Amino acid sequence: MTQNPSGNTTRTTTTTTATTATGAATTTATDPVSSASSASPVFRYAAVTFDCSDPAELARFYGAFLGLSVVFSSDHFVLLGQEGAPGLGFNRLTDYRRPTWPDPAQEKQAHLEFGVDDLDTAESHLLSLGAEKPAHQPAPDRWRVLLDPAGHPFCITTLV
């Protein structure tokens, strides 16, 4: 960091250029903040995990829905996905309480959004897998809210 004549602090940007042994290609990377400390650790998105009373049941639903396989399973946790890619996890919670969406008595906490080509076809398929359709639908021509077998709301939409 440096201080400019007006007294404001600015960040120094360092540009590093690497050249291959043959000198044929160069790669330029910009380090937004140069410092003497070690580099930041690398983080990779791994999974979203939902609490539920029966991880195997919820994994069966989402596995059939998304075409994902079980990559890890125990009595208390199931992870769906593909090796090396982000997944979807389900964690047994002893005192799990189902969300009551749209009633705020037990908030939904989070929900997933899925893009589909045809709302009616996708909805019908998901209902056959065990999803439920709540009566309240905020914008049914644009997206549909469904509930997974543990009560978590999720949306399907043609907007993406």
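Me: What share of the contacts in the chain with a separation of 6 or more comes from residues 24 or more positions apart?
Reply: The share is 46%. Contact means heavy atoms within 4.5 Å.

Me: What should I know about the model itself?
Reply: It is a predicted model: local features need pLDDT of at least 70, side-chain atom pairs count only at pLDDT 80 or more, and totals for chains, interfaces and linings use all residues. Residues are numbered from 1 along each chain as its sequence is written, and side-chain values use heavy atoms, with hydrogens and water left out.

Me: How many helices and strands are in the chain?
Reply: Two helices and eleven strands. Both are DSSP runs, numbered from the N terminus: helices are H or I with at least four residues, strands are E with at least two. Along the sequence the pattern reads β-β-β-β-β-α-β-β-β-β-α-β-β.

Me: How much of the chain is buried?
Reply: Buried residues make up 29% of the 160 residues. Buried means under 20% relative accessible area, exposed over 50%, and partly exposed in between (1.4 Å probe, protein chains only).

Me: OK, the core. Which residues have the most contacts inside the largest nonpolar core?
Reply: Tyr62, Phe65, Phe90, Leu126, Phe154 and Ile156. That core has 24 residues. A nonpolar core here is a set of buried Ala, Val, Leu, Ile, Met, Phe, Trp, Tyr and Cys residues joined through side-chain atoms within 4.5 Å.

Me: Which elements supply at least two residues of this core each?
Reply: β5 (47-52), α1 (55-66), β7 (77-81), β8 (87-92), β9 (112-115), α2 (119-129) and β11 (153-157). α1 gives the most, with five residues.

Me: Stay on α1. Which of its residues are buried?
Reply: Pro55, Leu58, Ala59, Phe61, Tyr62, Gly63 and Phe65. The buried residues of α1 pack against β5, β7, β8, β9, α2 and β11.

Me: And what does Phe90 touch?
Reply: Leaving aside neighbours within four places in sequence, the contacts of Phe90 include Pro55, Leu58, Ala59 and Tyr62. Thr49, Phe50 and Cys52 are also among them, as are Phe77, Val78 and Leu80.

Me: Next, the sheets. What is the strand order in the open sheet of four strands?
Reply: β5-β8-β7-β6, with mixed pairing. Two strands pair if DSSP finds at least two bridges between them. β5 and β6 (69-73) are at the edges with a single partner strand each, so one side of each has no neighbour in the sheet. The twist averages 25 degrees from one strand to the next.

Me: How do β7 and β8 pair, parallel or antiparallel?
Reply: Antiparallel, over four bridges. Leu80 stands opposite Leu88 in β8. α1 packs on this sheet, touching β5, β7 and β8, and its direction makes about 160 degrees with that of β8. Axes are lines fitted to C-alpha atoms, for helices over the stretch in contact, and angles run from 0 to 180 degrees between N-to-C directions.

Me: What about the open sheet of three strands, what order there?
Reply: β9-β11-β10, again with mixed pairing. Here β9 and β10 (143-147) take the edges, each with a single partner strand, so one side of each is left without a neighbour in the sheet.

Me: How does β11 pair with β9 and β10?
Reply: β9 and β11 run parallel, joined by four bridges. Glu113 stands opposite Cys155. β10 and β11 run antiparallel, joined by five bridges. Leu147 has Pro153 as its bridge partner.

Me: Which way do the residues of β11 point?
Reply: Pro153, Cys155 and Thr157 point one way, Phe154 and Ile156 the other, and all are buried. In general, side chains in a regular strand alternate between the two faces of the sheet.

Me: Last one, Glu123. Buried or exposed?
Reply: Buried, with a relative accessible area of 11%. Glu123 is in helix α2, which lies across β10 and β11 and runs at about 5 degrees to β10.

Me: What is Glu123 in contact with?
Reply: Lys133, Arg144, Leu146 and Ile156, leaving aside neighbours within four places in sequence.
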